[in-house]
Amino acid sequence: IFVSPEVILLQGEAIMKTSDLLLSKKDVIAVLRDKLIEQKNKVIGTTTKAVVDSKEVTLLADKKIPFKYLKKIMSTCTSAGYGKISLAVIQKASQS
């Protein structure tokens with residue numbers, strides 16, 4: 001999952017606008033949960049099945065996104081059956 005200031009992507013596919021996440025009062029984002037569950041059901045081969053069975057997701061976010069919103073995404077991942085969540089933050093390289 002990639003979270004930019006503009007959009008949330010799942011496997012490169014735009015799921016929703018980040019502004020919609022910021023406006024949401026719910027702890028679980030239904031559209032993202034549904035897409036994550038759909039992703040789990042798209043097993044093509046043994047390597048894909050191994051990835052799906054690991055129940056692991058990586059959340060890559062822009063450093064401008066407040067943690068409370070990332071927490072909503074992580075809660076959504078958990079509700080979709082993904083128990084292992086890795087969090088990475090994108091920072092711009094400092095100008096020398």
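The model is predicted, so local features need pLDDT of at least 70 and side-chain atom pairs count only at pLDDT 80 or more, while totals for chains, interfaces and linings use all residues. Residues are numbered from 1 along each chain as its sequence is written, and side-chain values use heavy atoms, with hydrogens and water left out. The protein chain holds four helices and five strands. Here helices (H or I, at least four residues) and strands (E, at least two) are DSSP runs, numbered from the N terminus.

**The chain as a whole**

- Of the 96 residues in the protein chain, 28% are buried; buried means under 20% relative accessible area, exposed means over 50%, and partly exposed lies in between (1.4 Å probe, protein chains only).
- The protein chain exposes about 6300 Å², and carbon and sulfur atoms supply 55% of that area. Accessible areas come from the Shrake-Rupley method with a 1.4 Å probe, and for residues only the protein chains shown count as cover.
- Among contacts between residues at least 6 apart in sequence, 65% join residues at least 24 apart, where contact means heavy atoms within 4.5 Å.

**The sheet**

- Strands of a sheet pair through backbone hydrogen bonds, either parallel or antiparallel. In this model, two strands pair if DSSP finds at least two bridges between them.
- Five strands form an open sheet in the order β3-β2-β1-β4-β5, with mixed pairing. β3 and β5 stand at the edges with a single partner strand each, so one side of each has no neighbour in the sheet.
- β2 and β3 pair in the antiparallel sense over four bridges, and Leu-10 has Glu-13 in β3 as its bridge partner. Helix α2 packs on the sheet, touching β2 and β3, and its direction makes about 160 degrees with that of β3. For such angles, axes are lines fitted to C-alpha atoms, for helices over the stretch in contact, and values run from 0 to 180 degrees between N-to-C directions.
- β1 and β4 run parallel and are joined by two bridges.
- β4 and strand β5 (residues 84-90) also run parallel, joined by seven bridges, and Ala-61 has Val-89 in β5 as its bridge partner. The chain passes from β4 through α4 to β5 in a right-handed β-α-β crossover; right-handed means that, with the strands pointing away from the viewer, the path from the first strand over the helix to the second runs clockwise.

**The nonpolar core**

- A nonpolar core is a set of buried Ala, Val, Leu, Ile, Met, Phe, Trp, Tyr and Cys residues joined through side-chain atoms within 4.5 Å. The largest one has 21 residues, and Ile-1, Val-3, Leu-36 and Ile-73 touch the most other members.
- At least two residues of this core come from each of β2 (7-10), β3 (13-17), α2 (30-40), β4 (56-62) and α4 (67-79). The largest share, five residues, comes from α4.

- Phe-2 sits in strand β1 (residues 2-3), opposite Leu-60 in β4. Phe-2 is partly exposed, at 27% relative accessible area. Beyond its neighbours within four places in sequence, Phe-2 is in contact with Val-7, Ile-8, Leu-9, Leu-60 and Ile-90. Phe-2 and Ala-88 are 86 residues apart along the chain, yet their C-alpha atoms are separated by 9.5 Å.
- Thr-18 belongs to helix α1 (residues 18-23) and counts as buried because its relative accessibility is 1%. Not counting residues up to four places away in sequence, its contacts include Val-3, Pro-5, Ile-8 and Ile-65.
- Asp-27 lies in the loop between α1 and α2 and is exposed, with a relative accessible area of 55%. Not counting residues up to four places away in sequence, Asp-27 touches Lys-72, Ser-75 and Thr-76. Asp-27 and Thr-76 are 49 residues apart in sequence and 7.4 Å apart in space, C-alpha to C-alpha.
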